[in-house]
Amino acid sequence: SFATVVDVLSGKVAVGDEVTVRGWVRTRRDSKAGISFINVHDGSCFDPIQAVVPNTLNNYDNEVLKLTTGCSVAITGTVSESAGKGQSFELQATAVKVFGFVEDPDTYPMSPKPHSMEYLREFAHLRARTNVTGAVMRVRNCLAQALHRFFHEHGYLWVATPIITASDAEGAGELFRVSTLDLMNLPKTDQNEIDFSKDFFGKESYLTVSGQLNVETYACALSKVYTFGPTFRAENSNTSRHLAEFWMVEPEVAFASLDDIAYLAEDMLKYAIRAVLEERADDMAFFQQRIDKEVINRLEHVANNKFVHMDYTDAVEILQNCGKKFEYPVSWGTDLQSEHERYLAEVHVGAPVVLKNYPKGIKAFYMRQNDDGKTVAAMDILAPGIGEIIGGSAREERLDVFDARLAEMGLPVEEYSWYRDLRRYGTVPHAGFGLGFERLVSYVTGMTNIRDVIPFPRAPKSADF
Ligand code: 4AD
Ligand code: MG
């Protein structure tokens, strides 16, 4: 029968049973005694399984001895306890079937020696075979499953929000336009005449920057909802924390206040982090050893301590008086830069921090105004090493205040007709946030570049594959 590597290594298959494991060769080592040791991985756990292959197999000389890194195989053998250190079980091989050899092993890009992350990015189609990308993808999957489980257990409904939309949910103008025009098949001369402003079946439309506005409509009917999907930002940011296409988790809660969703975010993060520590201990041990010596300690600290809350106004004071020279000056009313966010989280608090009540001038049109008339009920969660991982707010549910804000910002009221309807018909206070999923994966794994925690990163000058 067939077994995965984790089935065998975790002891699920009894010693003495014969099984077939299928996967890809990581290494082969031959002993003088006529035995080869072949390590095979199949993605089911961090460690490969070791197969002990005797030279008595009939394809030993012509196939087994030609196996190199990357070859695909099915190895049949009996499970035995391993004498090798660090391994629990191994396979005493009775048959080796080769699915595919690696042509020209000397030029195979994924040799078993460690490669730089920059190098691996050039091989997005092969890097999943490395132990680092495998570990990232298992942790990423664990986080996604844990987040869905968290919301399900807390009575939230998962709502699918559209990817093609007419609205700019953040009002920041970072939109990718969607086109139905078959440019390739248009005669060259006609391309100059195209009216790009009305190109989705005659109406302007874009890839969504956030599912929030759509998911608000469902919160104002089904109470507790969330959306989890890809979002797109046409910002030309070449940084280690920006992608043009990233995934966002966005809960939206009717009758909730700013503090309610700040605590929801804290519970959600702790739940997801605990899931990774419990379910992916093998991968986390690797990240701790090879990527970031402090990563497990940091996560345990986050899982076991209350988040610190701080007002924007107090944060500005702290930054102004901390004695550190920043590249960008801080003054009340300006947006915090990544260096400021990181100082607050890394140096001042030493853990994630919830920053609340920002000046309205630097925040989106939909955020609820506080009674001081100057600030809005917004919150960002800033994490050490990354900066902002979550952004959220209470939403302005009062129609007169909302309309006044649109006018103040010079936004056309007609474009918000359906959004205003929620405020006209049975309006309720509500609040929500967006978690940048890849920023969470970076934080949890210690991986320093966001392009290495998504299978196919989309960023300026990086949309191959
Ligand atoms: O702060 P943002 O722009 O907030 C929103 O989009 C709200 N509509 C969310 C809501 O309230 N439902 O984005 C939310 C999060 C950020 O905190 C950040 O973690 C992540 O999304 N993010 C990005 N991640 C990767 N690449 C980018 N270019 C990102 N821009 C934002
Ligand atoms: Mg934000």
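**Reading a predicted model**

Q: Why is aspartate 104 called partly exposed?
A: The relative accessibility of aspartate 104 is 45%, and a residue is partly exposed when its value lies between the buried limit of 20% and the exposed limit of 50%, so aspartate 104 counts as partly exposed. This residue is found in the loop between β6 (89-100) and α2 (117-121), and aspartate 104 also has a positive phi, of about 55 degrees, although it is not a glycine.

Q: How do you know whether glutamate 414 is buried or exposed?
A: The relative accessible area of glutamate 414 is 57%, and anything over 50% is exposed, so glutamate 414 is exposed. Glutamate 414 lies in the loop between α10 and α11. Glutamate 414 and tyrosine 206 are 208 residues apart in sequence and 18 Å apart in space, C-alpha to C-alpha.

Q: Why are α10 and α11 called roughly antiparallel?
A: Helix α10 (residues 399-409) packs against helix α11 (residues 417-424) at an angle of about 150 degrees, with the two axes 9 Å apart. Angles over 145 degrees count as roughly antiparallel, and therefore α10 and α11 are roughly antiparallel to each other. Leu399, Phe402 and Asp403 in α10 meet Tyr419, Arg420, Arg423 and Arg424 in α11, and the residues of this contact divide into three nonpolar, no polar and four charged.

Q: How do you know on which side of α11 its buried residues lie?
A: The buried residues of α11 are Tyr419, Arg420, Leu422 and Arg423. They cover an arc of only 145 degrees around the axis, which puts them on the same side of α11. In general, an α-helix has 3.6 residues a turn, so residues three or four places apart point the same way. The partners against which the buried residues of α11 pack are α4 (212-222), α10 and β16 (430-436). After α11 comes glycine 426, whose phi is positive, near 65 degrees.

Q: How do you know how the reach of α3 compares with what is expected at 1.5 Å a residue?
A: Helix α3 (residues 131-153) has 23 residues and reaches 32 Å from its first C-alpha to its last, which is close to the expected 33 Å. Just after α3, glycine 155 takes a positive phi of about 80 degrees.

Q: What share of the 465 residues of the chain count as buried?
A: Buried means under 20% relative accessible area, and 50% of the 465 residues count as buried. The chain holds 12 helices and 16 strands.

Notes. Residues are numbered from 1 along each chain as its sequence is written. Chains are lettered from A and ligands numbered from 1 in the order in which they are written. This is a predicted model: local features need pLDDT of at least 70, side-chain atom pairs count only at pLDDT 80 or more; totals for chains, interfaces and linings use all residues. Side-chain values use heavy atoms; hydrogens and water are left out. Axes are lines fitted to C-alpha atoms, for helices over the stretch in contact, and angles run from 0 to 180 degrees between N-to-C directions. Helices (H or I, at least four residues) and strands (E, at least two) are DSSP runs, numbered from the N terminus. Angles under 35 degrees count as roughly parallel, over 145 as roughly antiparallel, 65 to 115 as roughly perpendicular and the rest as oblique. Contact means heavy atoms within 4.5 Å. Ala, Val, Leu, Ile, Met, Phe, Trp, Tyr, Cys and Pro count as nonpolar, Asp, Glu, Lys and Arg as charged, and the others, Gly among them, as polar. The expected span of a helix is 1.5 Å times one less than its number of residues. Buried means under 20% relative accessible area, exposed over 50%, partly exposed in between (1.4 Å probe, protein chains only). The arc is that of the directions from the helix axis to the C-beta atoms.
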